[in-house]
Amino acid sequence: MAKLVLIDPSLRDSGGHYYEYAIRVLSSADRAGFETVLATHRDFPSGKIRPWRELPIFRHSFWTHYQAPQPAPPRSLLDRGIDRLPWPLSRIRSAPRYLHQLVRVHFRFSRLNLAVMVAIDGRPCGVVPLSRLTLSSARRLLALYRWSRRAARLAAPALNRVRQAAAVAAALAAAPAALAIGAVLAGLAVVGLVRGRPAVANDGGSFGADLTTLGRDVAIARGDHVFLPTSHIVELEGIVAACQRVPAMAAATWHVLFRHDLFKGPPGTCPGELEAHRPLRNALRRAACLADLRVYTDTELLTDQYDALGVLPFRTFPIPSAALPDRPAAAGRKPLVVAYLGDAREEKGFQHLPRLVADLHDEYLAVGRVRFTIQSNFNVPGGEPACALAKTRLQDFDPAAVKLIDGPFPPAAYGALLNATDILLLPYDPGRYFARSSGIFVEAMGQGIPAVIPGGTWMAYAVQDSSQACLARLIERRATQVAAERVDTLAGLVRPRPPAASHAALVLAMDRAAPLPRGSLVELGCGEALAGGCETQVTVRTLAAAPRLIAVFRLRPDTAQLRFSATLAARDQAIVSDGCELIFLNWPEDPPLGAAVAVFGPEPGGFAGAVREVVDHYPAYRRSAAELAVDWRSVHCPDRMVEQLVGGVAETACRHTPAPERSRRLG
Amino acid sequence: MGDRPLIACLSDVSVGYGSPQGLDLSRALAGRCGGTALVLETDQNERPPLPVKHPAVLVERLSTTVNPHAERGRIEFCLQARARLETLRPEILILCNAYALPVLLSLTHRPQVIILLALERMLTYGDEDLQLIRLVRKRLDLLIFPEENRALLESRRCLLHGLPTVVMYNVKMETVPPQPVSARNGRFIYGGTIHPALTFADYYLSEDVGRFPIDLYGLIDGPGHDALRCRLEAGNGGVRYRGSVPGGGHFSGLLSHYCFSLVTWTPDREDTYYAAPNKFFESIACGVPPIAAPHPICATLINRYGCGLLLRDWSLAAFRDGLAEAAVSIGTPRFQTLVDRCRRAFEQELNWDAQFAKVVRQLDRIAPLLLKGNPDGE
């Protein structure tokens with residue numbers, strides 16, 4: 001029977017997203033008739049009866065040997081040995097510096113220092129009694145200091161000669177002690193060598209060795225599939241090492257999935273960026289030469305980035321989402337539950353939550369329209385500084401309205417939490433999540449839960465078509481148009497607001513002759529000039545992937561003039577378009593301006609504005625999210641993923657373009 | 001001090017003239033735990049001692065041979081303060097800014113709670129204070145910052161994260177009720193330091209700004225302050241300099257009669273960019289909508305409550321446009337709306353009780369029995 005071996009050295013316990021991912025894949029593979037094996041970190045608690053064989057083999061997780069673009073500075077064996085000593089012996093090196101700081105700070109604020117100052121400037125201190133002893137000590141200290149400086153200047157040449165002679169004599173006299181100290185240092189170095197390199201070592205030697213052990217144990221051979229769902233250079237080097245040691249392993253099919261972005265934008269945004277990834281390209285080449293290597297990412301934007309390496313064609317895998325129970329019928333009750341789930345981390349935007357809660361407190365929280373459930377356990381001890389501060393501030397709110405919960409949660413509890421959520425907050429850092437996937441976003445979309453997400457991320461990209469289709473249908477209702485005009489460019493475009501207009505829409509037709517690369521970020525802006533001259537700005541960021549981009553802005557009643565703009569987020573590129581249509585609309589019913597998700601931009605208050613948008617139009621967002629979920633679950637299905645894995649199916653798009661007949665029911 | 005718990009506060013300034021936060025916090029904690037507060041203040045020549053009319057609060061001035069903010073003066077103050085604290089043995093110790101942190105280096109008495117009220121930059125007295133902060137860090141129980149961005153920046157810079165932290169806005173303990181709109185005098189008010197570099201004093205001398213009825217209150221400071229005083233006292237169109245108003249409730253009483261209050265600081269330093277101006281909160285409490293430069297906390301609160309006007313930047317043009325927008329709204333329903341929103345902001349969040357409650361919550365976690373003396377406060 002062919003085997004499917006899933007290798008994830010970061011699994012240390014049976015909880016969390018990565019473990020859930022693994023068991024979904026293995027369960028599907030088991031159903032498909034494979035013999036399944038799960039290889040984990042050594043600390044993984046095996047022993048439970050499961051359909052697959054569990055092998056806790058790996059000594060280091062992905063996170064402890066992930067190779068940064070700049071390698072860490074080399075550390076000597078002696079340093080590593082000292083680090084292995086118990087505290088406080090491990091602080092031997094820093095002890096002199098610490099003692100110096102301690103003495104210096106204490107002296108700075110001491111009576112003796114005050115006495116020295118008195119001695120220097122001659123003004124007696126009338127308020128702090130300084131004893132004669134202190135004063136005389138200070139004077140002597142000052143005199144000694146001055147004398148020693150003068151003496152050192154005069155005697156410098158002779159002192160140098162004396163110093164040299166003394167050093168030789170001292171070395172000879174101290175030879176036995178020096179030998180003893182040298183022996184101790186050598187012993188420490190041996191400790192460093194024998195106890196192995198620390199977990200932050202930057203090479204894949206241990207991974208390759210552990211992989212070899214696994215290969216022999218499981219007898220990986222032709223016809224088997226080995227899947228590494230989180231990979232980088234170390235894993236590729238490990239595959240090379242293992243296949244060299246055990247040639248039979250090279251005959252298996254190796255499936256390697258990459259989840260982390262290489263650039264902060266689409267390829268070609270930053271000149272010279274590919275050079276930083278030469279080690280990865282080389283590792284891919286070496287592995288591909290030796291083994292049957294298939295490479296994947298889990299988003300199209302990541303696939304574009306990795307394809308730019310020009311080594312192997314990458315394919316996009318769906319993200320296997322959990323088969324959670326259907327949401328209970330009471331979902332959508334009042335108050336709506338707005339939730340943040342996942343670790344409290346800066347890259348996930350946890351630090352923005354106190355402001356959001358405060359912004360919504362008056363009109364939504366205090367009147368019982370919403371309440372918050374916020375997971376607030378940290379990923380590092382004490383939490384990242386901004387998250388630790390944010391948690392303190394969240395504790396200031398009424399616990400009945402803002403409930404803080406600590407995870408991580410076992411799968412059943414997590415599923416219950418997700419299903420109890422009406423609106424999911426995902427205020428991720430767009431810089432870090434431009435192309436990266438989000439497991440919880442996939443699960444939320446699969447369950448039909450509306451989400452609030454930042455523009456410029458894969459999440460916004462993945463559901464953009466639905467939102468754009470919704471806006472297009474709204475705009476096409478001609479009866480609601482107050483005014484419309486075609487303009488060649490938005491640069492410097494200023495228009496007065498027609499009195500009857502409640503909304504303004506920009507429809508930017510992208511130039512077919514010079515299309516922007518997939519993933520380019522476009523900022524469409526609407527600045528409102530008020531009667532007294534002050535302005536507010538509303539900006540929507542939309543990933544350019546379609547022939548046209550649409551943005552709709554709500555207008556304030558006291559807006560006099562509007563300034564429109566369209567710029568590329570990478571601002572050294574001009575937008576070449578086929579022109580733009582500016583449409584003023586009268587929508588007194590204030591329809592929702594999106595489907596399934598609300599996307600916020602970088603402007604202040606954008607996050608709160610997007611949450612208000614979903615809360616105020618919740619039934620519509622819930623409906624559109626439920627319709628999207630049907631399509632979504634069929635794509636992000638574990639069985640489909642395993643089929644693609646073992647069948648070598650060509651790339652399947654993982655974005656969701658609504659079917660025409662279904663799209664008429666959205667919005 | 002008897003058997004009542006003692007709260008000792010080491011103030012880096014002579015109290016009663018500017019920031020009242022140290023005094024207010026001491027007084028509130030004394031009221032909360034049924035104790036007495038003793039404020040040890042520095043001896044600033046230009047600020048004679050002011051009486052504090054509260055039975056539970058005493059102020060004691062510690063003299064120094066030189067200016068208290070010189071290095072020698074700081075050492076003298078800290079040595080005297082330490083000696084006093086060893087005698088007094090307070091249960092709660094409040095340190096106003098990093099000025100008096102050296103006291104903790106060799107203070108043998110262990111108060112139940114040590115609070116650092118960080119109203120200014122932690123490294124105001126030089127980067128060498130970083131070593132001092134690292135040495136005394138473990139003795140601090142609670143940090144209070146007036147603004148969230150500064151809390152984060154200082155926590156990272158001085159390795160203070162992990163300590164219990166509260167962001168407590170610079171609201172006043174005592175406020176005056178707002179005047180009805182019909183009783184307002186139709187003018188703008190600026191209250192605070194008048195300094196050409198720090199608070200845009202030159203703007204008030206420009207022709208554009210002279211078109212508006214503005215009253216200036218405060219001390220004139222900075223280079224060329226004498227010439228500036230002459231020019232301001234001569235007047236510029238509608239702009240009039242009214243002199244300095246003593247601390248206490250006098251300024252709030254004046255403020256409440258005005259239509260708008262101006263709040264601007266030059267954003268060229270971290271602590272002025274991330275300013276949490278007292279006058280901003282005082283204006284809102286008095287029902288006087290602030291016209292504020294876009295300091296982050298001002299922007300956040302004005303956007304949240306719609307309780308004022310936010311300038312687009314710190315330029316003269318933006319200042320003028322903001323004044324114009326405000327002037328147009330006086331006497332209209334929009335002005336009443338702004339006043340109502342100030343009241344709502346004050347009642348919801350920007351009042352002493354709401355802000356002090358954050359401190360109480362943290363203290364209840366740190367020292368649960370400490371504040372049980374008088375749970376209803378003063």
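A:Ala219 is located in the loop that runs between helix 7 (205-218) and strand 4 (225-228) of chain A, where helices (H or I, at least four residues) and strands (E, at least two) are DSSP runs numbered from the N terminus. The model is predicted, so that local features need pLDDT of at least 70 and side-chain atom pairs count only at pLDDT 80 or more, whereas totals for chains, interfaces and linings use all residues. Residues are numbered from 1 along each chain as its sequence is written, and chains are lettered from A in the order in which they are written.

Although A:Ala219 is not glycine, its phi is positive, near 60°. A residue is termed buried if 20 or more other C-beta atoms, placed from the backbone, lie within 10 Å of its own, exposed if 12 or fewer, and partly exposed in between; A:Ala219, with 11 C-beta neighbours inside 10 Å, is therefore exposed. B:Phe200, in the loop between strand 8 (188-191) and helix 5 (207-210) of chain B, also has a positive phi, of about 60°, but B:Phe200 is buried, with 22 other C-beta atoms within 10 Å.

Chain A contains 21 helices and 21 strands, and 42% of its 667 residues count as buried. A cis peptide bond, with omega about 0°, links A:Gly407 to A:Pro408, the latter being in the loop between strand 10 (402-405) and helix 14 (411-419) of chain A.

Beyond its neighbours within four places in sequence, B:Leu95 is in contact (C-beta atoms, placed from the backbone, within 7 Å) with residues including B:Leu10, B:Ala100 and B:Ile115.

How values were computed: Two residues are in contact if their C-beta atoms, placed from the backbone, lie within 7 Å.
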